[in-house]
Amino acid sequence: MHLPSPGYSAPAGSFTMLYHPPNFASIQHAPFNQPPSIFSSLLREFSNSLIHVKSIHAQIIIRNWASTEHFLAAKLVKAYSDLGFLTVARKVFDQCSHPETTLCNAMMVGLLNNHEFKEVCKLFKMMGSCDIEINSYTCIFALKACASLLDNAIGMEVVRTAVRKGFHLHPYVGSSMINFLVKSGNLDEARIVFDEMPERDVVCWNSIIGGYVQECFFKEALQMFFEMIGCGIRPSPVTMASLLKACGESGLKKLGKCVHGCVLTLGMGNDAFVLTSICSKWYDT
């Protein structure tokens, strides 16, 4: 890359942040003919500073992009939500009369991170009624909210949508579905989703094993663990904590101590999840 010479003068209207990252003054006086992508980059650069985000937002409003450039609106929603200004983020969202999927998903993440689970569910319903495309990320966010609320009605609607679109075959969506179904007491349906998945990561296995432990099906939980090992999946601390709980609840102290040995071999002895389970009744002698 050739850097400009000391005497170089940038053409009128050009943005020189390629060589010099913009400061607050350059944001305030950005040339009017800059493309929207410039402000997307600025939001990424200054997303941790409220005063900078507000200044960039003002420049976007001046150019009448706040309600037309949805990728910029999504960046603003994320920035304000991450900074804890969810009300402002929602105002940005509401200014877009026909929000696109990316913007809706950004708003969902902001609501989730601020524990506004009911609002996430409302937004999912709105997307359906307004014929806004629902993608795999939309389903993941909605399922997380429904799992937190134990909202079976909307949760099952999300599940049906995911199945209809084929998203349930994706590991992240599948594990979210399993987690919701387990928490809502639909363990049999969770197992069907699990069995239909072509690829299963450790999160999927943890979800179904944890579900069996939650419903006191300890034998099935242990069987799933051995099947998991047979598939070459390395257990995580969450896996081992579930197994230790299963051993403690079922009175299998000897097996529980064997699992404890595996925990130490895998280097998980200091993990908080595992330590909590190790301190349970099975370890008493």
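## Pocket, core and selected residues

Three helices, α2 (36-45), α4 (70-82) and α6 (101-113), each give at least two residues to the lining of the largest pocket. This is a predicted model, in which local features need pLDDT of at least 70 and side-chain atom pairs count only at pLDDT 80 or more, while totals for chains, interfaces and linings use all residues. Residues are numbered from 1 along each chain as its sequence is written, and side-chain values use heavy atoms, with hydrogens and water left out.

**The chain**

The chain has 16 helices and zero strands. Helices (H or I, at least four residues) and strands (E, at least two) are DSSP runs, numbered from the N terminus. Of the 285 residues, 44% are buried. Buried means under 20% relative accessible area, exposed over 50%, and partly exposed in between (1.4 Å probe, protein chains only).

The accessible surface is about 15,200 Å², and carbon and sulfur atoms hold 57% of it. Such areas come from the Shrake-Rupley method with a 1.4 Å probe; for residues, only the protein chains shown count as cover. Take the contacts with a separation of 6 or more: 57% of them join residues 24 or more positions apart. Contact means heavy atoms within 4.5 Å.

**The largest pocket**

Rolling a probe the size of a water molecule over the atoms shows where empty space is left. The largest pocket has a volume of about 280 Å³. Its lining holds 17 residues, and Ala74, Lys75, Lys78, Ala79 and Ala106 are the closest to its centre. A pocket is an open set of points on a 1 Å grid over the protein atoms alone, where a 1.4 Å probe fits, with protein on both sides within 12 Å along at least five of seven lines; lining residues have an atom within 4 Å of a point. Grid points are joined across faces, edges and corners, and the volume is the space filled by probe spheres set on the points.

Helix α4 supplies the largest share of the lining, seven residues. By type, the lining has seven nonpolar, six polar and four charged residues. Ala, Val, Leu, Ile, Met, Phe, Trp, Tyr, Cys and Pro count as nonpolar, Asp, Glu, Lys and Arg as charged, and the others, Gly among them, as polar.

**The nonpolar core**

The largest nonpolar core has 82 residues, and Phe39, Ile60, Val77, Met107, Ile178, Phe180 and Ile208 touch the most other members. Helix α8 gives the largest share of this core, eight residues. A nonpolar core is a set of buried Ala, Val, Leu, Ile, Met, Phe, Trp, Tyr and Cys residues joined through side-chain atoms within 4.5 Å. Beyond its neighbours within four places in sequence, Ile208 is in contact with Ile178, Leu187, Ala190, Arg191, Phe194 and Met224.

**Single residues**

| Residue | Relative accessible area | State |
|---|---|---|
| Serine 136 | 18% | buried |
| Tyrosine 80 | 2% | buried |
| Histidine 115 | 58% | exposed |

Serine 136 sits in helix α8 (residues 136-149). Setting aside neighbours within four places in sequence, serine 136 contacts Phe167 and Val173.

Tyrosine 80 belongs to helix α4. Not counting residues up to four places away in sequence, tyrosine 80 touches Leu50, Val53, Lys54, His57, Phe85, Leu86, Val88, Ala89 and Val92. Serine 49 is 31 residues from tyrosine 80 in sequence, and 9.6 Å from it in space, C-alpha to C-alpha.

Histidine 115 lies in the loop between α6 and α7 (117-129). Although histidine 115 is not a glycine, its phi is positive, about 60°. Cysteine 216, also not a glycine, has a positive phi near 65°. Cysteine 216 is in the loop between α12 (202-214) and α13 (218-230).
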